[in-house]
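Please keep the sequence and the 3D view open while going through them.

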Amino acid sequence: MAAHSDGGHTAIVIGGGLAGMLAVTALLGRVDTITVVERDRYPQEPAFRKGVPQARHLHILLSGGERALEELLPGTAAALTGAGARSLYLPRDLLTRTPTGWQRRFDERRHRTLSVTRPVLDAVVREQALRAAAGSATRVEVLEATEAVGLTGDAGRVTGVRIRPRDGGPGGRAERVLPAALVVDASGRGSRTPQWFTALGRAAPQEETVDAGLAYATRMYRPKDPATAPDAGVNVPGWPQCPRGAAYVPVEDGKWLLTLSGVRGHHPPTDAAEFTAFTATIGDPYVHELLARAEPLSPVHGFRDTCNRRRHYERPGALPEGFLVLGDAGCTFNPVYGQGMSVAALGALALRTALADGGLRPGATAAAQRAVARSVEPAWLAAVGSDRPYASPADTTAGPGERLTTWYLDRLAARAAIDPVVGAAFRDVFCLTAPPARLLAPRIVLRTVFLPRRPGLPGPPAVEGR
Ligand SMILES: Cc1cc2nc3c(=O)[nH]c(=O)nc-3n(C[C@H](O)[C@H](O)[C@H](O)COP(=O)(O)OP(=O)(O)OC[C@H]3O[C@@H](n4cnc5c(N)ncnc54)[C@H](O)[C@@H]3O)c2cc1C
């Protein structure tokens, strides 16, 4: 790696959340020192923290994300299940109600998703990443309770980060500069990089948004009698005629998370009684019936900023030298598709691969950012293709290709619910283990376009093929 000014062979990662820890993993062996700047103090035991407000809501790790995580940090999947993460094979262990009926419950086992609360997932990944760092030639230090407040450098190159301690201490809250040859923004959905770029005298990146106007509300439960707990999670997503949905899934320690969702005009309430009443208004009564057999363990928490938002740092000239963006700081998704964490892991893997071919030569960060963008693309197309029917007029408009995607995806999703061949392809792509081109294989197109639309099953099904 080329040393630069007084930043030497040093990288700074802004944000010590999931993408931050995976950025550290991707950079091990590429730089001498990595300093992680994290605004929060990490809790002793897994617990919610202010810097990751979405952590109270249901988080599923898709098989594509699990595989990327495992490649970056071998042993993480076992560590997660050891910490209580539940393995849900799709479609067997997640009963899904589509607009036309319940999805068939094939015992397919191609895709395992992991279901666990975010604090546990983050703690396990952090432990794995810091253990890998301890065994590497790169020195990693984490500055907790320290906030990044700006960048140093000029329009052409970032040379460091301005940081400020969050809680007083001997130096008070005075700002100081950390020089670095490479800065990675992994500060999540609240990233300030566009404003920081403006302060350096360069343009903010081009931004694309598709906002379904969705809100979430989540509460934790425990089945009153484990013997009568459901044998699978339940997913009743909203659809245009009934834009209210629910997902009820098991997590660690016998607990279950219920997340309700609704688009504009149908936002789920955060009042406990109204929250329960909302479950009777979604597309199927099954979740409402299950709640009668469970006791709540938490208040209801709401969340509203669920827009698909992509900042194009990979476009020509969009990135200064010495700077990269990973995770939600670059791209956020409507959470109903469960993609964000997996995309962070796939991006970190792309980053590691890109840097393996020659380290941080001039232009290497721009090339690495393009590789990260390519890893985001399939998830982005799936999310915005599905969300267009709900998008607000202010959003970036859909081109003909995207309109065709929306039409085709709607037909494909209906067919996938009843057809094992189309269903397998659908899951491969939505679980981020195959490129979208898999949905255009001749066999899949023929079955999707020419076979008649048939309704799904009338009620929550038992496993097929046992
Ligand atoms: C309601 C909801 C539900 C979701 N469900 C799923 C799901 O089911 N599956 C899935 O894969 N994804 C899901 N996601 C997406 C997932 O939460 C994100 O993709 C993931 O957290 C991205 O990780 P990140 O590290 O980029 O950001 P974060 O996890 O948000 O971490 C950002 C970190 O940066 C720190 N930070 C921020 N600013 C600064 C600063 N200035 N200085 C220093 N530190 C800073 C924060 O304290 C935090 O630690 C969901 C998102 C939402 C909103």
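1. Start with helix α1. This is a predicted model, and in it 10 of the 10 residues of α1 are buried, so the helix is largely enclosed by the rest of the structure. The buried residues are L18, A19, G20, M21, L22, A23, V24, T25, A26 and L27. After α1 comes G29, which has a positive phi, near 85°.

2. Helix α2, residues 63–72, is mostly covered, with seven of its 10 residues buried. Which residues of α2 are the buried ones? They are S63, G64, G65, E66, A68, L69 and L72. The elements covering them include α1 (18–27), β3 (60–61) and α3 (76–82). Also among the covering elements are β7 (111–115), α4 and α8 (340–356).

3. Next, the domains. In the contact between them, 12 residues of domain 1 meet nine residues of domain 2.

4. The size of an interface is often given as the accessible area lost when the parts come together. Here domain 1 and domain 2 bury about 950 Å² between them, and carbon and sulfur atoms give 67% of that area. On the side of domain 1, V120, T306 and V336 supply 41% of the area buried against domain 2, which is more than any other three residues.

5. How many salt bridges does the rule find across the interface of domain 1 and domain 2? The rule finds zero salt bridges there. It does find five residue pairs in polar contact across this interface. Helix α4 (residues 118–134) gives the largest share of the side of domain 1 that touches domain 2, namely three residues. Sorted by class, that side of domain 1 has seven nonpolar, four polar and one charged residues.

6. Is T193 buried or exposed? T193, in helix α5 (residues 193–199), has a relative accessible area of 0% and therefore counts as buried, the cut-off being under 20%. Apart from neighbours within four places in sequence, T193 is in contact with D185, Y313 and F323. R374 belongs to helix α9 (residues 364–387). R374 counts as exposed because its relative accessibility is 57% and the cut-off is over 50%. R374 and R192 are 182 residues apart in sequence, and their C-alpha atoms are 23 Å apart in space.

7. The peptide bond joining L90 and P91 is cis, with omega about 0°. P91 sits in the loop between β4 (86–90) and β5 (94–98).

8. R109 is not a glycine, yet its phi is positive, about 60°. R109 is in the loop between β6 (101–102) and β7, and counts as partly exposed because its relative accessibility is 45%. L432, also a residue other than glycine, has a positive phi near 65°. The loop between α11 (420–430) and α12 (442–450) holds L432. With a relative accessible area of 12%, L432 is buried.

Note on methods
Residues numbered from 1 in each chain as written. Predicted model: local features only at pLDDT ≥ 70, side-chain atom pairs only at ≥ 80, totals over all residues. Heavy atoms only, no water. Contact = heavy atoms within 4.5 Å. Buried area = accessible area lost by both parts, 1.4 Å probe. Salt bridge = Lys/Arg side-chain N within 4 Å of Asp/Glu carboxyl O. Polar contact = N/O pair within 3.5 Å; in protein donor to acceptor, adjacent residues only side chain to side chain. Helix = DSSP H or I, 4+ residues; strand = E, 2+ residues; numbered from the N terminus. Nonpolar A, V, L, I, M, F, W, Y, C, P; charged D, E, K, R; others polar. Buried < 20%, exposed > 50% of the residue type's maximum accessible area, 1.4 Å probe, protein only.
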